[in-house]
Amino acid sequence: MTATPSSVRAAGDAGSSRVVNDFSLQVATVNGSGSQTANLVLLRSIFQMGVPVSGKNLFPSNIAGLPTWYTIRANPHGYVGRKKEVDFLVAMNPETAREDVLTLAPGAAVLYDEPLKLSTLREDVVFYPVPFDKIVAEVCKDAKLRRLVKNMIYDGVLSNLLNIDLGQMEHALKKQLGKKLKAVELNMGALEAGAAYSAGHLAKRDPYWVEPMNQTAGMILVEGNAAAAFGCMMAGVTVCAWYPITPSSSLPETLIQLLKKYRHDADGKATYAVIQAEDEIASIGMVVGAGWAGARAMTSTSGPGISLMGEFAGLAYYAEVPGVVFDIQRVGPSTGLPTRTSQGDILSTALLSHGDTKQIMLIPASVEECYTMSMAAFDLAERFQSLVFVMSDLDLAMNTWMSRTFEYPEHPINRGKVLDAATLARLGSWGRYRDVDGDGIPYRTIPGNDMPAYFTRGSGHNENGQYSERPDDYVNNMNRLLRKFETARQHVPQPEIVDDERADIGIIGYGTSHWAIEESRGQLEREYGVRTGYLRLRAYPFTPQLDQFIDRYARIYLVEQNRDAQMLGLMRLDCTPERVAKVRSVLHYNGLPIDARSVTDVIEEQEGLKVRLNSGALVSAER
C-alpha cells in the first residue's frame with residue numbers, strides 16, 4: 001500500500017538538496033486530545049522502514065487541555081537524543097501555534113490546521129495548510145469520535161509528504177490498536193483520507209524524506225519503565241510496595257501486569273505481593289521489612305519520594321537490610337516540574353539519610369540497561385545487604401527508545417552471604433555484624449531458615465548485634481560499613497570508556513546525557529577538528545577507572561542535567577583535589593532532555609574554538 005502520488009514524484013525534481021532520514025518532527029497538540037496513538041503510529045512506521053528513531057513526549061502536569069508536544073527524531077547514524085532544532089512542525093494547537101512557528105529555524109516545514117492561518121507569519125518557512133475538520137467529517141460520521149480520529153489524518157498527510165510507506169502505517173496502527181477491528185478500520189480510513197488529500201492538494205516544497213534503511217533489524221521500541229519492570233520480574237522480585245508518583249508509576253503498573261501473567265504456582269496462586277501503600281514512607285518501610293524477611297523487595301518513586309524515604313534508608317544502611325529503589329528523576333525542588341526530566345537526585349541519594357551513609361547507585365543510560373541493571377540491582381542489594389538505587393530519569397523512563405531485544409538471564413540469582421549449616425560449622429560461632437572475610441560483608445540469617453536469630457537494630461550495636469553505645473563498637477561498625485562500600489567498587493557496573501590517545505579533552509557523562517554526548521563528540525570533530533575521549537559512569541561508588549581517565553587528559557568536561565554539578569560534588573568526596581581541579585562542568589537543567597548542540601556550544605566557548613568555514617576548512621582553533 002505504498003503511496004507514490006504524482007505530487008511526491010514531481011517534488012523530487014524541485015528539491016535540489018534532499019535531506020533523507022535526518023530530521024526532527026514535532027507534533028504540537030493539547031493534552032487529552034488522543035494524539036498519542038497517531039504519534040506512536042508515525043514513530044513506529046519510520047522505525048519499521050529501518051530508520052533509527054526515538055520519540056519524546058513533552059506533556060503538562062494536568063489531566064487535559066494544556067499544550068503537549070511529541071517529537072520524533074530520525075537519524076541515519078543512530079543519533080536519537082533530542083535535537084535542539086525542529087525541522088518539521090505539525091501545528092494542531094491554536095494556543096501555541098504562533099509561538100511554535102516563530103521559534104522555527106528558516107527552511108523548516110509546517111503542516112497546520114487551515115483555520116489557524118499560519119502562513120502569514122513568515123516567508124522563510126514552508127507551509128502546508130490542511131482542512132482537518134472537513135476531511136474528518138467525511139471519514140467519521142460520529143461527531144464524538146472525530147476529535148480522536150482527526151489526529152490520524154496528519155499521519156496520512158505526512159505519509160505522502162515524507163514518503164512514509166502507508167502499508168507500514170497500517171501495520172503500526174494494527175499493532176497499536178490490537179484486536180479493536182472497528183477502531184482500526186476507522187483510523188485506517190482517516191490515514192487514507194489524509195494521504196489522498198495531500199496527494200491532490202499539496203506540492204512538496206520541503207527537503208525532508210524518509211527512505212528505507214536496514215538499521216533497525218532485530219530491534220524493539222520500548223519505554224525505560226517497561227524495560228525495568230521486565231528486569232525486576234526476571235530478577236525474581238516477590239514484593240513490590242509503591243505509591244503513585246510521576247514519572248515512576250508506569251514501572252510498577254507494568255510489573256503488576258507481568259506478575260499477573262507469569263507468577264503463579266501450579267494451583268494458580270500468586271507467588272508475589274504488590275501493595276499500594278498510603279505514602280512513600282510506608283512503601284519503603286514495607287520494602288525494608290520484606291527484605292529483612294528474605295523477600296526480593298522493591299519500590300519505585302521520584303525525587304519527592306526519595307526525600308521522604310531518608311529515615312528508612314538510614315535504617316536499611318545501618319541494620320544492613322537489602323532492597324531496591326527505582327528513582328525516576330524529575331525536576332525539583334518541591335513539586336517542581338513533575339513532567340520534566342533531570343538528574344537532580346544524584347547527590348542527595350548517594351548520601352541519603354542523616355549521619356554517615358553512602359548508598360549504592362546504578363545509573364542506566366538506555367532501556368537495555370534499565371533491564372540489565374534492574375536484575376543487577378537485586379543481586380547487589382543482597383550481596384551487600386543494603387538498598388540499591390537505580391537512578392533513571394523521566395526522559396529514559398517514559399519516552400520511547402530503540403533497543404536490541406532483551407536476553408534471557410543466564411546467571412543464577414546471587415543472594416549473597418546467607419548463613420547455612422555448613423558455613424556456621426566452618427565459622428564455629430556467628431555474629432550478625434562480624435566481618436570474617438575482610439570484605440566488610442557479614443553473614444545474615446533469614447527468619448525461618450533454622451539458623452541463629454538476632455535483634456535487628458537501628459541503634460548502636462556491636463558485631464553480635466547486641467545493643468551498644470561503646471565508642472569503639474560504633475567506630476568499628478562504621479569502619480566496616482565503609483569497608484563494605486569499598487568492596488562494592490569491584491562489583492558495581494564498570495564505566496564505559498572510549499579513549500583517544502590523540503585527544504587533550506576528556507568528557508564524562510552518565511545516564512541519558514550519553515546520547516547528547518555521543519553526538520556532540522561527532523560535532524566537535526567534524527566542525528572544529530577536536531577529538532575527545534569519553535567515560536560514561538554507570539554506578540556509584542566510583543571505580544578506579546575514573547581516576548585513570550582523568551589522569552589521561554589535560555581537561556575534563558563533566559556533563560550533567562542539574563544546576564549544582566551534583567556528580568562533581570560526589571567526585572570531590574572521592575577524588576584528589578588535583579584531579580577535581582581538571583574537571584569543568586557542562587550543566588543543563590531547563591527540564592528538557594539535553595541535546596548535543598548545547599554540549600558542543602559550552603565546550604566550544606570554554607575551549608576558545610573558532611568555527612570551520614569554507615566548506616569545512618579550519619580557519620583557526622585556539623585552546
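Predicted model: local features only at pLDDT ≥ 70, side-chain atom pairs only at ≥ 80, totals over all residues.
## Overall dimensions

The chain contains 22 helices and 25 strands. Its radius of gyration is 27 Å, close to the 25 Å that the globule rule gives for 623 residues, and the chain is therefore as compact as a globular protein of that length. Along the principal axes, the C-alpha atoms fill a box of roughly 85 × 70 × 40 Å.

Of the 623 residues, 56% count as buried. Among the contacts in the chain with a separation of 6 or more, 75% are accounted for by residues 24 or more positions apart.

In soluble globular proteins, nonpolar side chains tend to be buried together. In this model the largest nonpolar core has 149 residues, and the residues with the most contacts inside it are F88, M298, I508, M567 and M571. Helix α14, which spans residues 367-384, gives the most to this core, contributing 10 residues. A second, separate core of 15 residues includes Y528, Y534, V559 and I594.

When residues up to four places away in sequence are not counted, I508 touches I517, L535, L537, L546, F549, I550, I556, Y557, L558, V559 and M571. One of these partners, M571, is itself listed with I508 among the residues with the most contacts inside the largest core, while another, V559, is included in the second core.

Five strands form an open sheet in the order β18-β20-β19-β22-β23, with mixed pairing. Strands β18 (496-498) and β23 (583-587) stand at the edges, and because each has a single partner strand, one side of each is left without a neighbour in the sheet. From one strand to the next, the twist averages 20°.

Strand β22 (residues 555-560) is joined to β23 by 5 bridges, and the two strands run parallel. The bridge partner of I556 in β23 is V583. Helix α22, formed by residues 596-607, lies across β19 (505-510), β22 and β23, and runs at about 140° to β23.

The side chains of E369 and R536 are joined by a polar contact of 2.9 Å. Leaving aside neighbours within four places in sequence, E369 is in contact with I363, P364, S374, R536 and R538.

Technical notes. Residues numbered from 1 in each chain as written. Heavy atoms only, no water. Core = buried A, V, L, I, M, F, W, Y, C linked by side-chain atoms within 4.5 Å. Buried < 20%, exposed > 50% of the residue type's maximum accessible area, 1.4 Å probe, protein only. Helix = DSSP H or I, 4+ residues; strand = E, 2+ residues; numbered from the N terminus. Contact = heavy atoms within 4.5 Å. Pairing = 2+ DSSP bridges. Axes fitted to C-alpha atoms, helices over the stretch in contact; angles between N-to-C directions. Polar contact = N/O pair within 3.5 Å; in protein donor to acceptor, adjacent residues only side chain to side chain. Rg over C-alpha atoms; globule rule 2.2 N^0.38 Å.
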